[in-house]
Amino acid sequence: MSTYDARFRVWRGDVDGGELTDYTVEVHDGEVVLDVVHRLQATQTPDLAVRWNCKAGKCGSCSAEINGRPRLLCMTRMSVFARDEVITVTPMRAFPVVRDLVTDVSFNYAKAREIPAFVPPAGVGPGEYRMRQEDVERSQEFRKCIECFLCQDTCHVVRDHEENKGAFAGPRFLMRVAELDMHPLDAAEEAGLDRRRTAQEEHGLGYCNITKCCTEVCPESIHITDNALIPMKERVVDRKYDPLVWLGNTIRRRKTT
Amino acid sequence: MATGTEPPGSTTGVRSPGRAAIAARHLRTDRWWLSPAATAAGLLAFVVYSTWRAFANADYYAAPYVSPFYSPCLAENCVPMEDGPNWEIFGSWWGLSPALLILVFPLGFRLTCYYYRKAYYRGFWASPPACAVAEPHASYSGETRFPLLLQNLHRYFFYAALPVAGILTYDTVLTFRNADYAWGHAGLGTLIFLVNIALIWAYTLSCHSCRHIVGGRLKHFSKHPVRYRLWTWVGRLNARHMLLAWSSLISVALCDLYVYLLATGTFDDPRFF
């Protein structure tokens, strides 16, 4: 097993300010960036704050930016970098910093609460839900989300425009709207909740200009743009911008009244 | 979408109060600029070439080949093409190049295409230039306002692109003739037209709006097995939408260039049989 000394530049600071600090730290074969950050904590900087949990890319805790790219610390192998490369590690830059590599991601939880939950179908009790695989597989892809919020971090709508945070739910939660709108048993429409209309009017789907950064950074390889955001945009067009559909719906409504 | 430019030393975006105090707009060390630069260069090259050819109003027919930029030809000032797409529905009052009448449909289809939107938002408008690279605009309203709200018309351009692709298919069938309009012949141009029409159809059918219309809008696939199957097929094509967008863009330009070279006498069409 070989070892070498890597040059790390880690952002240290808090909400009052901070700076990129240089470290030289030992790296062993097969390690990931989180291993090296832990070695930094153990040997040089015991007060370095970093959020982590599973070390397996499934909890979504260790989101940060490595050489300017939003990534999970635990899923970024050291072998992808040249040994003489300076590796810069910073907290996610779309959210307020707490300390060092830890950010306050409560924006995402606030947005999560704004999405109306699954509406159970009438007359079907718990344990009685039956769905065909082909009906539910679209929503299942979105259930792979580990809520690392890297997509939220990289989305330029909020990353580069703090003022849009109020109007825009972000890719993770627009994907949640898509998941529910495509769910075969979601009875939102019967309950009077139009998820397509709210996606556009309340959760800011129109802000998305489908530049696919959310898809690029997703550690679960969810096709957020192609399978959630664009289909949701098309569903919104059905509801709001398609005169033929509008005409059809109007005629159908007249017939039923 | 975005207006104004961020003033120097601003405290917005990644430099907003509360966020990690890092002065750099981005810390990416890879060649992030290469992709948007290449995209912009490629699109710009096509825009320059197609603008020249669309306004040229000449050298677009060399029997039996008609340039895809001029098909169908909807004005009276078109070159007569035997059995070709001469449909003079605009009559004699149209004095400009007839290409302008038809190109608006494929242009609108590609301009509102979900892939091309990504390409030109990144390549030309830097919104964003690349992932996690701060954009230079002070404000952003996305596709919520006019004119970008019109991107929602994409499905209508898709509907219009279908008959255009059908007519280009007809033009391709006509290439199985020789310069004297006798059937049962083929040349290098026939092969180029065949590749082009295959790519045009693949790009058109791989469209996200097409995917939605054939089945994506359904809530229960199990109740519509045929549409589910179609959705699955379109989905497979859709995964290659970017590749098809570029290859069909290049093939349509090459088709036109081939006709131009034949029409100007620069090149003779090699005949296979």
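Let me start with A:Gln152, which, leaving aside residues up to four places away in sequence, touches A:Ala94, A:Asn108, A:Val158, A:Gly170, A:Pro171 and A:Arg172. Please keep in mind that what we are looking at is a predicted model. A:Gln152 sits in helix H4 of chain A, which covers residues 150-154, and A:Gln152 counts as buried because 29 other C-beta atoms lie within 10 Å. One of the residues on that contact list, A:Arg172, is 20 residues away from A:Gln152 in sequence, while the C-alpha atoms of the two are 6.5 Å apart in space.

That takes us to helix H6 of chain A, residues 171-181, which is largely enclosed by the rest of the structure, since ten of its eleven residues are buried. Among the buried residues of H6(A) are A:Pro171, A:Arg172, A:Leu174, A:Glu179 and A:Asp181. What, then, covers the buried residues of H6(A)? The cover includes H4, along with helix H2 (106-114), helix H3 (133-142), helix H7 (195-201), helix H8 (213-217) and helix H9 (224-241), each of them in chain A.

Let me turn to the strands of chain A, and to strand S5 in particular, residues 86-90, where four of the five residues are buried. Strand S1 of chain A, residues 3-14, runs parallel to S5(A) and is joined to it by four bridges, with A:Val10 standing opposite A:Val89. Strand S3 of chain A, residues 63-66, pairs with S5(A) in the antiparallel sense over two bridges, and here A:Glu65 has A:Thr90 as its bridge partner.

Stepping back to chain A as a whole, there are ten helices and seven strands, and 44% of the 257 residues are buried. If we consider contacts in chain A between residues at least 6 apart in sequence, 64% of them join residues at least 24 apart.

Next comes the contact between the chains, to which chain A gives 47 residues and chain B gives 43. On the chain B side, the elements that give two or more residues are helix H3 (114-123), strand S4 (137-140), helix H6 (208-216) and helix H7 (225-238), and the largest share, five residues, comes from H3(B). That side of chain B divides into 15 nonpolar, 18 polar and ten charged residues.

A:Lys55, in the loop between helix H1 (33-43) and S3 of chain A, has a positive phi of about 60°, and A:Ile210, in the loop between H7 and H8 of chain A, has a positive phi near 45°. Are these two residues buried or exposed? A:Lys55 counts as partly exposed, with 17 C-beta neighbours inside 10 Å, whereas A:Ile210 is buried, with 21 other C-beta atoms within 10 Å. In chain B, the peptide bond from B:Ala63 to B:Pro64 is cis, with omega near 5°, and a cis peptide bond also joins B:Phe146 and B:Pro147, with omega about 5°.

Key:
Residues are numbered from 1 along each chain as its sequence is written. Chains are lettered from A and ligands numbered from 1 in the order in which they are written. This is a predicted model: local features need pLDDT of at least 70, side-chain atom pairs count only at pLDDT 80 or more; totals for chains, interfaces and linings use all residues. A residue is buried if 20 or more other C-beta atoms lie within 10 Å of its own, exposed if 12 or fewer, and partly exposed in between; C-beta atoms are placed from the backbone. Two residues are in contact if their C-beta atoms, placed from the backbone, lie within 7 Å. Ala, Val, Leu, Ile, Met, Phe, Trp, Tyr, Cys and Pro count as nonpolar, Asp, Glu, Lys and Arg as charged, and the others, Gly among them, as polar. Two strands pair if DSSP finds at least two bridges between them.
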